Amino acid sequence: MRHLINPLDFTKEETDKVIKLAEDISQNIEKYSHTCAGKILATLFYEPSTRTRLSFESAMMRLGGQVLGFSSAQSSSASKGESVADTARMISCYADIVAMRHYKEGAPAVAAKFASVPIVNAGDGGHQHPTQTLTDLLTIQKGRGSIDGITIGLCGDLRFGRTVHSLIQSLVRYQNVRFIFISPKELTLPDYIIEEVVKPSGFPYREVSSMEDVIGELDVLYMTRVQKERFFNEEDYVRLKDSYILDHKKMALGKDSLMVMHPLPRVNEIAVEVDKDPRAVYFKQAQNGVYVRMALILSLLGIENEILEDSLC
Ligand code: CP
């Protein structure tokens, strides 16, 4: 039974295969429209979501399957005290594959131990968000033609931003990536990401606090929201929330080929005026989330091997 809890649960080759399949889906979506007929996806969301839950549901529907689930812990028996383990056992009777978001780090990993169907981590606390990473990789691949060789600036809340942690873990498996980590000192990357992921990669990296100083070097600027829900006090959040605001003036310092990405939702960190800049790709990125989740569902259900391999060769 395959699950996707951490980006490293898939080898680089498996990751690239999902991205390649997602690219094909994005160009030939009709070809896939009945491939999951009779299959059911359950979305178990104990934390709020717009993109991840709805793009998973859209993905399964576009594959011809069906969906069920809940969008808050309050509307499930978690509110009566049911454990993640028991929920995972139950849902295995009702669905063929599960996407789970939980406020506790490690909850989807616990579900995977007790489920008899594939579990996908749709975001666990400030830890990991592997399907956002697949979305991000697809967006870079489509935008630049290659993930190798990029200089990427990751900006904002690098401490609590789970999308950043998962993306870095995946990027170190590509070639000649340069990292520039842009954050206030209170929101720098967790030590384990620097010590266990970035340093062993041997790729050059810098930790800086000024976006203006480095934006001109970047191929990709990955903006993030300051994660209000992970702060222990309101005062710190208010002080840090507007640390970076990307606007026309700062965009003027970037390369013509810069890609501005954001996992969304945004608050103030990208001014609305930037949306019309052709270098702003965050809405395309969200669209790519549907294709990548279609590819992931097919992969975890083993359907891409059975039906689709010939058409991808
Ligand atoms: N990118 C992302 O995870 O968005 P949602 O919180 O809306 O799912």
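Guide: A salt bridge here is a side-chain nitrogen of Lys or Arg within 4 Å of a carboxyl oxygen of Asp or Glu. By that rule, a search of the whole structure finds 17 of them. The model is predicted, so local features need pLDDT of at least 70 and side-chain atom pairs 80 or more, while totals for chains, interfaces and linings use all residues. Residues are numbered from 1 along each chain, and side-chain values use heavy atoms, without hydrogens or water.

Start with R89 and D86. Their side chains meet in a salt bridge, 2.7 Å from N to O. Both residues lie in helix 3 (helices, H or I, at least four residues, and strands, E, at least two, are DSSP runs numbered from the N terminus). R89 and D86 sit 3 residues apart, about one turn of the helix. R89 is partly exposed, at 40% relative accessibility (buried is under 20% relative accessible area, exposed over 50%, partly exposed in between, with a 1.4 Å probe and protein chains only). D86 is partly exposed too, at 34%.

Now take a longer link. D219 forms a salt bridge with R144, and their closest N and O atoms are 3.7 Å apart. This pair joins distant parts of the chain, 75 residues apart. D219 sits in the loop between strand 7 (205-208) and strand 8 (220-223). R144 belongs to helix 5 (residues 130-144). D219 is buried, at 8% relative accessibility. R144 is partly exposed, at 33%.

The next pair is K241 and D242. Their closest N and O atoms lie 3.2 Å apart in a salt bridge. K241 counts as partly exposed at 28%, and D242 does so at 34%. Elsewhere, salt bridges with shared partners tie K185, E186, D236 and R239 into one network.

Turn to the nonpolar side. The largest nonpolar core has 58 residues (a core is a set of buried Ala, Val, Leu, Ile, Met, Phe, Trp, Tyr and Cys residues joined through side-chain atoms within 4.5 Å). I152, L154, I168, F179, F181 and I297 have the most contacts inside this core. Helix 10 (residues 282-300) gives the most to the core, with 9 residues. Domain 1 (7-128 + 289-308) and domain 2 (130-285) both contribute, so the core lies between them; the domain bounds come from an automatic or database assignment.

Next, look at the backbone. A cis peptide bond joins L264 and P265, with omega about 5°. P265 is placed in the loop between strand 9 (259-261) and helix 10. L264 is found in that loop as well. L264 has a positive phi of about 60°, although it is not a glycine. L264 is buried, at 12% relative accessibility.

N176 also has a positive phi, near 55°, and is not glycine either. N176 lies in the loop between helix 6 (162-171) and strand 6 (178-182). Is N176 buried or exposed? N176 is exposed, with a relative accessible area of 57%.

The structure holds 0 disulfides (pairs of cysteine sulfur atoms within 2.5 Å). The sulfur of C93 is 20 Å from the closest cysteine sulfur, in C36, which is too far for a bond. C36 is buried at 0% relative accessible area, while C93 is exposed at 59%.
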